[in-house]
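Please open the model in your viewer and keep the selection panel at hand. The stops below follow one another, each with something to select and something to look at.

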Amino acid sequence: QVQLVESGGGLVQPGGSLRLSCAASGSIFRIAAMGWHRQAPGKQRELVATITSGGSTNYADFAKGRFTISRDNDKNTVFLQMNSLKPEDTAVYSCNLRRYNMDLWGEGTLVTVSS
C-alpha cells in the first residue's frame, strides 16, 4: 500500500524559511501528481501547490513567489520550500498523491510561524 509521510514542520519566525518533505512508498510515485495542502485553525483545507509527474507546477496565489514545490523521483519524495513565512501561513501541511482513481493523503506536519 502507498503511504505518504510528511516531515520538516516546526516553529519558525516571520520572514524565515522552512523546507517540508513528503516521502512516498511504492512505485506509483513516478507517475502520480503530487501536491501540498494546508489547513489553518478554524479554516477549510486549501491547496498550496501541485506538481505533475512531468514536473509542471501550479501555485495558489498566496504561495507564488514565496513557495516552491519540487520532486525527486529517484527518492520518491516531494518538497515544499517555504520562504518569507508569515503568521497566516501557520497550518497543518499535508501531502497529496493523485492518479486516476487514487487520492491519497499523509497525516500532515504542523508549521507554526510566530515570534
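**The aromatic pair**

Begin by selecting Phe 67, which is buried, with a relative accessible area of 3%; buried means under 20% relative accessible area, exposed over 50%, and partly exposed in between, with a 1.4 Å probe and protein chains only. This is a predicted model, in which local features need pLDDT of at least 70 and side-chain atom pairs count only at pLDDT 80 or more, while totals for chains, interfaces and linings use all residues. Residues are numbered from 1 along each chain as its sequence is written, and side-chain values use heavy atoms, with hydrogens and water left out.

A search of the whole structure finds one aromatic pair, and Phe 62 and Phe 67 form it edge-to-face, at 6.4 Å centre to centre with 80° between the planes. Rings of Phe, Tyr and Trp (its six-membered ring) pair if their centres lie within 6.5 Å, and planes under 30 degrees apart count as stacked, over 60 as edge-to-face and the rest as tilted.

**Charges over rings**

Keep Phe 62 and select Arg 38, whose charged end sits over the ring of Phe 62, 3.6 Å from its centre. A charge sits over a ring if NZ of Lys or CZ of Arg is within 6 Å of the ring centre and within 35 degrees of the ring normal. Then select Arg 71 and Phe 29, where the charged end of Arg 71 sits over the ring of Phe 29, 4.5 Å from its centre.

**The loop between β7 and β8**

Move to Asp 74, found in the loop between β7 (67-72) and β8 (77-82); strands are DSSP runs (E, at least two residues), numbered from the N terminus. Asp 74 counts as exposed because its relative accessible area is 65%, and its side chain is joined to that of Arg 30 by a polar contact of 2.8 Å (a pair of N or O atoms within 3.5 Å; within protein, one must be able to donate a hydrogen and the other to accept it, and residues adjacent in sequence count only if both atoms are side-chain atoms).

Asn 76 is also placed in the loop between β7 and β8. Asn 76 is buried, with a relative accessible area of 17%, and its phi is near 50°, a positive value in a residue other than glycine.

**A last stop**

Finally, select Tyr 100 in the loop between β9 (91-99) and β10 (102-105). Tyr 100 counts as exposed at 76% relative accessibility, and has a positive phi of about 50° although it is not a glycine.

Note on methods: Helices (H or I, at least four residues) and strands (E, at least two) are DSSP runs, numbered from the N terminus.
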